[in-house]
Number of protein chains: 2
Amino acid sequence: MHLNEQWFTEILDNSGTAFSLKIHSRLHVEKTPYQQIEIYDTEQFGKLMAIDGCTMLTTRDNFLYHEMMSHPVLYTHQRPAHVVIIGGGDCGTLQAVLQHAEVEQAWQIDIDERVTRLSEQYFPELCTSNNDPRAELLFADGIQWIKDADENSIDVIIVDSTDPVGPAEGLFSEAFYRDCLRALKVDGVFVQQSESPLLHMDIIKPMHATMRKAGFNHTRTLTFPQCIYPSGWWSCTLASQQNTLDQIRTDDINARDFETQYYNAEIHHAAMALPEFMKKQLSQEK
Amino acid sequence: MHLNEQWFTEILDNSGTAFSLKIHSRLHVEKTPYQQIEIYDTEQFGKLMAIDGCTMLTTRDNFLYHEMMSHPVLYTHQRPAHVVIIGGGDCGTLQAVLQHAEVEQAWQIDIDERVTRLSEQYFPELCTSNNDPRAELLFADGIQWIKDADENSIDVIIVDSTDPVGPAEGLFSEAFYRDCLRALKVDGVFVQQSESPLLHMDIIKPMHATMRKAGFNHTRTLTFPQCIYPSGWWSCTLASQQNTLDQIRTDDINARDFETQYYNAEIHHAAMALPEFMKKQLSQEK
């Protein structure tokens with residue numbers, strides 16, 4: 001159901017909301033073994049990629065999500081050399097990760113190669129680091145990859161996936177978190193996109209509990225705006241074994257040699273401020 | 001244009017976006033001398049008030065806007081005794097203002113009495129302070145009221161209006177800002193809703209310039225999530241003559257004797273963090 005043929009609409013049945021973008025045309029549609037991918041040319045937001053009918057990214061506002069999925073976790077780790085991205089097939093997170101000179105190797109493991117190939121075609125500005133010698137793009141099951149990873153080998157794991165239904169569901173499970181903890185070095189930091197604070201506290205709250213049950217002693221949700229996602233307000237949740245989630249490398253943020261559009265040191269600290277209702281609901285998990 | 005008769009849709013032509021709420025029914029519609037007001041019963045967001053086709057507030061998420069339009073400015077002023085709200089006919093801002101014990105008198109000046117009467121009927125939880133002896137509800141032109149106000153008589157002015165087109169346009173003018181400055185005491189603080197950081201920098205940027213031209217030496221934009229407004233990300237802009245916008249009464253916030261759902265001391269400080277793109281665009285106005 002769309003407003004009319006000039007609009008792309010994502011309907012969220014369980015929140016009773018819908019978000020629409022005005023389009024010029026649909027540029028591409030294909031059904032891969034994993035999902036249906038569509039590319040639209042929008043009127044005001046540049047290109048739009050939708051997967052299974054859900055808005056994934058647009059040219060105009062993806063900077064918010066990609067910057068917040070990468071820079072906070074990397075500036076929380078004291079020396080992030082080996083970074084793994086689970087999902088993230090559009091390569092925007094990978095590009096942001098590789099802006100950090102201390103990153104020696106970054107693996108992007110997305111199950112669907114077509115997401116990456118279509119991103120290279122329609123979002124080339126996000127794919128400028130795909131040939132960086134430090135980058136390894138793998139098209140495989142991220143859950144299995146983490147299970148097979150060497151113990152104590154990774155500094156940072158970023159889970160940049162779709163919603164916790166269907167193929168991505170396993171990425172929100174205790175078993176997966178345990179495998180991540182095993183693969184991470186003892187001072188490793190994990191981050192995962194964690195849905196809308198307004199609409200999805202029923203996901204965010206148990207996520208903290210599950211992460212802690214799996215052995216992460218410290219968890220923390222950061223919030224940020226994301227226009228095209230449900231409610232326009234989104235979050236990511238960090239987890240670590242050691243008590244390091246407050247040790248932000250502020251001087252390094254201020255001395256960074258790359259451009260950002262949203263992220264800076266003040267925004268990093270600000271994103272950690274919990275609204276009163278989240279504080280109350282998450283206090284039981286601390 | 002709606003998705004179908006089960007949805008209320010607000011279309012933003014100039015941003016190529018639309019936001020929809022699923023509804024059970026339309027409870028009320030009327031054309032006042034100023035605007036068309038509609039009340040809907042939504043599926044997941046409680047009641048919805050729409051004015052001239054634009055979503056104004058819902059039961060579920062109005063706390064974000066009302067808390068951020070009132071508490072930051074009141075905890076920035078060192079002793080807010082006399083407070084004026086221009087617009088704000090739904091009474092949610094008035095209610096939040098009157099939670100502050102140091103407020104001795106609060107005037108709410110909305111041009112359209114019907115907004116208040118319908119709010120009393122459909123949002124009674126926002127109108128519990130309408131009979132507070134400190135409250136004075138006036139139905140008049142706010143621009144004229146400020147022009148007629150005694151010089152140096154007001155501590156805080158809150159402009160809780162619709163968008164800067166049509167009836168509210170004059171509330172974004174240099175002449176109005178000058179009149180506000182005249183009515184405010186020398187340590188007075190002004191705040192105005194200032195649209196979406198993502199979509200409306202073309203409004204926010206000149207707003208700072210106009211405020212400064214009118215004689216406000218200090219201006220500062222705070223951002224916050226607001227699901228039902230365009231892009232889901234909103235802002236308010238504070239202005240003052242004296243350099244007091246950083247002097248937040250943090251101890252008083254922490255000692256407050258009323259409940260909030262979003263606001264707290266960390267959120268107040270966080271809301272002041274400017275995203276990189278805003279910092280760059282507003283730096284010329286400082």
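1. Chain A holds an open sheet of seven strands in the order β8-β7-β6-β9-β10-β12-β11, with mixed pairing. Strands are DSSP runs of E, at least two residues long, and helices are runs of H or I, at least four long, numbered from the N terminus; two strands pair if DSSP finds at least two bridges between them. At the edges lie β8 (135-139) and β11 (218-225) of chain A, each pairing on one side only.

2. A word on the source: this is a predicted model, where local features need pLDDT of at least 70 and side-chain atom pairs count only at pLDDT 80 or more, while totals for chains, interfaces and linings use all residues. Residues are numbered from 1 along each chain as its sequence is written, and chains are lettered from A and ligands numbered from 1 in the order in which they are written.

3. Within the sheet, β6 (residues 82-87) and β7 (residues 105-110) of chain A run parallel, joined by five bridges. H82(A) stands opposite Q105(A) in β7(A).

4. The contact (C-beta atoms, placed from the backbone, within 7 Å) takes 38 residues from chain A and 38 residues from chain B. On the side of chain A that touches chain B, β2(A) gives the largest share, six residues.

5. β2(A) and β2 (residues 17-31) of chain B run antiparallel, joined by five bridges. Here F19(A) has F19(B) as its bridge partner.

Methods: Two residues are in contact if their C-beta atoms, placed from the backbone, lie within 7 Å.
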